[in-house]
Every structure is written in C-alpha cells, then in structure tokens.
Amino acid sequence: MEQAGEAIDGDKSKISRQENGRQGISRLEINALLKLYGVEDERLKVALTTLAREGRRKGWWAQYGDILPERFQEHLSIESDAARMLVFQPLLVPGLLQTREYAQESIRGVEKSASEEQVESYLSVRMARQEILRKDNPPQVVCLLDEAALRRSVGGPGVMAAQLRKLIELNAPPQLSIQVIPFSQGWHAGLDGAFTIFSYPDPMDLDVVSLVYLDGLLYLEEDDPVERYKLAFDQLRASALPSRQSMALISQVASDLIS
C-alpha cells in the first residue's frame, strides 16, 4: 500500500480510502496503478477508467469541481459516508452547524482575495454539506466546542447571536449533541487544535481522523494515532458541560451579545 500510494503521489491511507470506495480515483492515478500492478488487458484498463469516471460523478460536490481542490473533495467523500462524527472545535463553529451569515463571514475571512461570485460558490458548498444532517439516515454527531468558539464574534453581535441560537435549535441528543468546554476548565486535551473522527457502518472500514492545518487537510488511519485521538475526545467530553448546562451557557452568551 505504501508503494502504491507513492505511485499516485499520495500515501497508504489514500489507497485505503480508494479501495474502500470512500474516495474517487483519477484517470492518471488509475493508469499509474495499472502500470505498477502489471495489468496489460486493454479491455480491463478501459473498463476501470470508465468506472472511475462514473464514480466521480456520484458525489453532489462534482458540480463544484472547478472551485474545490481535490483534497477537499476527498474530505466531502469521507464526510458523506460517515455513520458517526466526533467533532472538536476550539475557535469556530464547525461548517456543518453554521448559519448562512456566519459561514459567509468565515469564508470571507479565509478567502480574502475571492470575488463575491466565488464566495457565493463556496457558501453554496458549505450549505449543501449540511444536507447530510437532514437525510433519512443521518450520521450521529457529537460536537465539542471550546467556550472561545462562543465568545469569538464572527460577523458582529447580530450574526453571532443568531449562530448561537442555531446551535440550541440543532442540539438533539443523542443524534446531534453539542457540548461546551468552559474556560473554567483550564487546560484540556484539545489545546493543540481542531480534529474530527469519522466512523463507518462497515466494520472493515477504518476510522479516520481529519486534521486541519494552514495549507490543507491531513488524514490519519493508523490504529495508534486514531486511538490517541479517540482518547483525547473522551477526555474532552469529560471536561465539557452536560448538554443542558451547555445550552444554558450558549443562551447566556447570545443574550449578552444583543443586550
């Protein structure tokens, strides 16, 4: 798997996701792997290339392929198939839970050189992602927020207050649980940054940890690092306020913003 990953300028976790059907594969990657594997049958080559092309059309995000980097399309594929998401965010409300106005301000903050048309396209993608929460069999989501994410006023008091009220509306344990780690907790296991753990219904599928950094996304599927992040999430959840108290804190912060 490591050799195959190198052949397509990736790593073995990328090969794993492609073999499990959680990530598409390009024509160039198909050709590189067929060469590595010694496949000579021309009919098989054409068939696999066609399957890869058809497979890439299945994701709703394909219509945004001209603006979304491949790495983020990979993230959407991983996200769309998940049965469970464990999300920790220390500074911002996660994209899946954002209001349109909050998302718009967040995108403008990151994509400073983007035109209004580009911002609207990115915004459409973010809003479309949220449909996963409304499908017939939605994933279970447990979201842990540092109190800093509530206090950081994105878009001004009105936008932020509306975003906080949205969190209260969305909170519906155990299907979608939102809890807050208060400032009074002091040090906690998530001070190194945000992460998400994706789990899948097929026991043969590996859990995936997604880490965001300045230039992109990093995915971990090895047992040891995944287990460390699961332990960190458990520790974070133990540090968080229970659901009812979390909602009370969120409501209080929203009231303070508009008082």
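How many residues does helix α9 have, and how far does the helix reach from its first C-alpha to its last? Helix α9 (residues 157-170) has 14 residues and reaches 20 Å. The model is predicted: local features need pLDDT of at least 70, side-chain atom pairs count only at pLDDT 80 or more, and totals for chains, interfaces and linings use all residues. Residues are numbered from 1 along each chain as its sequence is written, and side-chain values use heavy atoms, with hydrogens and water left out.

**View 1. Helix α9 and its cover.** The 20 Å reach of α9 is close to the 20 Å expected at 1.5 Å a residue. The expected span is 1.5 Å times one less than the number of residues. Helices (H or I, at least four residues) and strands (E, at least two) are DSSP runs, numbered from the N terminus. V159, M160, A161, Q163, L164 and L167 of α9 are buried. Buried means under 20% relative accessible area, exposed over 50%, and partly exposed in between (1.4 Å probe, protein chains only). An α-helix has 3.6 residues a turn, so residues three or four places apart point the same way. The cover over the buried residues of α9 includes α6 (100-110), β2 (140-146), α8 (147-151), β3 (176-181) and α11 (243-258).

**View 2. Helix α9 against α11.** The axes of the two helices α9 and α11 come within 9 Å and cross at roughly 160 degrees. That makes α9 roughly antiparallel to α11. Angles under 35 degrees count as roughly parallel, over 145 as roughly antiparallel, 65 to 115 as roughly perpendicular and the rest as oblique. Axes are lines fitted to C-alpha atoms, for helices over the stretch in contact, and angles run from 0 to 180 degrees between N-to-C directions. The crossing of α9 and α11 is left-handed. On the α9 side, P157, M160, A161, L164, R165, L167 and I168 make the contact. On the α11 side, M247, I250, S251, V253, A254, L257 and I258 make it. Contact means heavy atoms within 4.5 Å. A crossing is left-handed if the near helix is turned anticlockwise from the far one by less than a right angle, and right-handed if clockwise.

**View 3. The open sheet.** Six strands line up in the order β3-β2-β1-β4-β5-β6, with mixed pairing. β3 and β6 stand at the edges, each with a single partner strand, so one side of each is left without a neighbour in the sheet. The twist averages 15 degrees from one strand to the next. Two strands pair if DSSP finds at least two bridges between them. Helix α5 (residues 70-80) lies across β1, β4, β5 and β6, and runs at about 45 degrees to β6.

**View 4. The parallel part, around β2.** Strand β1 (residues 84-89) and β2 run parallel, joined by 6 bridges. Here V87 stands opposite C143. Another 6 bridges join β2 to β3, also parallel. In that pair C143 stands opposite I178. Of the 7 residues of β2, 6 are buried, so the strand is largely enclosed by the rest of the structure.

View 5. β1 and β4 (195-199) run antiparallel, joined by 5 bridges. V87 stands opposite T196 in β4. β4 and β5 (residues 208-213) pair in the antiparallel sense over 4 bridges. The bridge partner of F198 is V208 in β5. β5 and β6 (residues 216-220) are antiparallel too, over 5 bridges. V209 stands opposite L220 in β6. A hairpin joins β5 to β6 through 2 residues.

**View 6. Helices α6 and α7.** α6 packs on α7 (residues 116-129) at an angle of about 130 degrees, with the axes 10 Å apart. That makes α6 oblique to α7. Their crossing is right-handed. R100, A103, Q104, S106, I107 and R108 of α6 take part in the contact.

View 7. Most residues other than glycine have a negative phi, and most peptide bonds are trans. D9 has a positive phi of about 60 degrees although it is not a glycine. D9 lies in the loop between α1 (2-7) and α2 (12-19), and is exposed, with a relative accessible area of 75%. The peptide bond from P173 to P174 is cis, with omega near 5 degrees. P174 sits in the loop between α9 and β3. G186 is in the loop between β3 and β4. At 42% relative accessibility, G186 counts as partly exposed.
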